[in-house]
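Biologist: I am new to this structure and would like to learn how its features are read, one at a time. Could we look at it together?

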Amino acid sequence: MKLPRRNFLRLAAGAAALPAVSRFAWAQTYPTRPVRIIVGFAPAGAGDIVARLIGQWLSERLGQPFVVENRPGANGNIAAQAGVRAPADGYTLLMVSSANAANAALYDKLSFNFLRDIAPVAGIIRTPYVMAVNPTVPAETIPEFIAYAKANPGKISMASVGVGSGTHLAGEWFKMMTGVNLVHVPYRGGGPAFNDLLGGQVQVMFPTTVGSIGYIKAGRLRALAVTTAMRSETLPDLPTMDSLLPGYEASVWYGIGAPKNTPAEIVAKLNTEVNAALADPKLKARLADVGGTVLAGSSADFGKLITDETEKWAKVIRAANIKAE
């Protein structure tokens, strides 16, 4: 049976449109079952708290559980590997963090390429570090600290929570931009690092606002600046490092990623919902308790942040010859 040409073209066009229509319908009904969010850090940490807050909001909004699955280890690489290798169907998401950006240069033999293998979905929150010194250090400002450090090269110790950690990289970038000679002393976690900073065994550290704000407000540590380009809502009187060292910016940030090839319609839907969450006053207030500001924006905006941060920290890691332990 021969079809008139006009009918044939109409049927062919309709058939070609079916995959797009079905994908759109799939995205409209997504999710129809539980979604897991893989987190590369232990429970009760900042990344875990952020994941649970956004997961709870999405669960209530979309009517399906968003379940946090903690897979700590290797500075987030175990979770990242699981995330990028999961089926690209929108039912496995990854809590992406600034650690993932640094890991690309910090580890030589990763089994994945994070920039290539992850689909950026949405940013959630950015938290500054604080440049904090023991009160015995005779410096009230960043310029005074730089002058003091240059007058005492190699005599000032800088604590971090581990080689290649954000607290380490923030300090190394400060050293590179100012030319000061600080002796890096890595610790296995924040507890012992803070103990020695408070006791004066080390003189300076770049901790997160969450970990340090109690000591700062009690006068046990002196904060000189926050490391983000914008002032901190929790420490509004502190200057930004960027105002003193133009171009300096270091922060902890978190967002949502998905395996590459996850349908664009699902990525777009998740981005819309996450941004709606970030505009919710109640959730915004709870995220502020973690010490950060929201990172609202498009998937492309979050992808640019990941790319820019990966390139920035690669330069610092290579210049300082930092190797993962």
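Biologist: In which loop is the place of Ala 74?

Modeller: Helices and strands are named from DSSP runs, with helices being H or I of at least four residues and strands being E of at least two, all numbered from the N terminus. In those terms Ala 74 sits in the loop between strand E2 (66-70) and H3. Phi of Ala 74 is near 55°, a positive value in a residue other than glycine. Please keep in mind that this is a predicted model, in which local features need pLDDT of at least 70 and side-chain atom pairs count only at pLDDT 80 or more, while totals for chains, interfaces and linings use all residues. Residues are numbered from 1 along each chain as its sequence is written, and side-chain values use heavy atoms, with hydrogens and water left out.

Biologist: Is Ala 74 buried, exposed or partly exposed, and why?

Modeller: A residue is called buried under 20% relative accessible area, exposed over 50%, and partly exposed in between, using a 1.4 Å probe and the protein chains only. Ala 74 has 39% relative accessibility and therefore counts as partly exposed. A second case of positive phi is Asn 261, with about 75° although it is not a glycine; Asn 261 is found in the loop between E10 and helix H11 (264-278), and because its relative accessible area is 65%, Asn 261 is exposed.

Biologist: Which peptide bond is cis?

Modeller: The bond from Tyr 30 to Pro 31 is cis, with omega near -5°, and Pro 31 belongs to the loop between helix H1 (5-29) and strand E1 (35-39).

Biologist: How many of the residues of helix H4 are buried?

Modeller: Eight of the nine residues of helix H4 (residues 98-106) are buried, so H4 is largely enclosed by the rest of the structure. Among the buried residues of H4 are Ser 98, Asn 100, Asn 103 and Leu 106. To see what does the covering, one looks for contacts, which means heavy atoms within 4.5 Å. The cover of the buried residues of H4 includes helix H3 (77-84), strand E3 (92-97), helix H5 (114-117), helix H7 (166-178), strand E10 (251-259) and helix H13 (299-319).

Biologist: What lines the largest pocket?

Modeller: On a 1 Å grid over the protein atoms alone, a pocket is an open set of points with protein on both sides within 12 Å along at least five of seven lines, a cavity is a set of points where a 1.4 Å probe fits but cannot get out, and lining residues have an atom within 4 Å of a point. Grid points are joined across faces, edges and corners, and a volume is the space filled by probe spheres set on the points. The largest pocket holds about 1200 Å³ of space. Its lining has 46 residues, of which Phe 41, Asn 75, Val 161, Ser 165 and Gly 166 lie nearest the centre of the pocket. The elements giving two or more residues to this lining are helix H2 (46-62), H4, H7, helix H8 (190-199), helix H9 (209-217) and E10, and H4 gives the most, with four residues.

Biologist: How many cavities of 30 Å³ or more are found?

Modeller: A search of the whole structure finds two of them, and the largest cavity has a volume of about 40 Å³. Its lining is made by Gly 40, Phe 41, Gly 76, Ala 79, Leu 94, Met 95, Ser 97 and Asn 100, and the largest share, three residues, comes from E3.

Biologist: Is Leu 295 buried or exposed?

Modeller: Leu 295 has 18% relative accessibility and so counts as buried. Leu 295 lies in the loop between strand E11 (293-294) and H13. Leaving aside neighbours within four places in sequence, the contacts of Leu 295 include Ile 124, Arg 126, Trp 253, Tyr 254 and Leu 305.

Biologist: And where is the place of Arg 85?

Modeller: Arg 85 is in the loop between H3 and E3, and because its relative accessible area is 53%, Arg 85 is exposed. Arg 85 and Ile 118 are 33 residues apart in sequence and 9.5 Å apart in space, C-alpha to C-alpha.

Biologist: How many helices and strands are there in the protein chain?

Modeller: The protein chain has 13 helices and eleven strands, and its C-alpha trace spans about 95 × 40 × 35 Å along the principal axes. Of its 325 residues, 51% count as buried.
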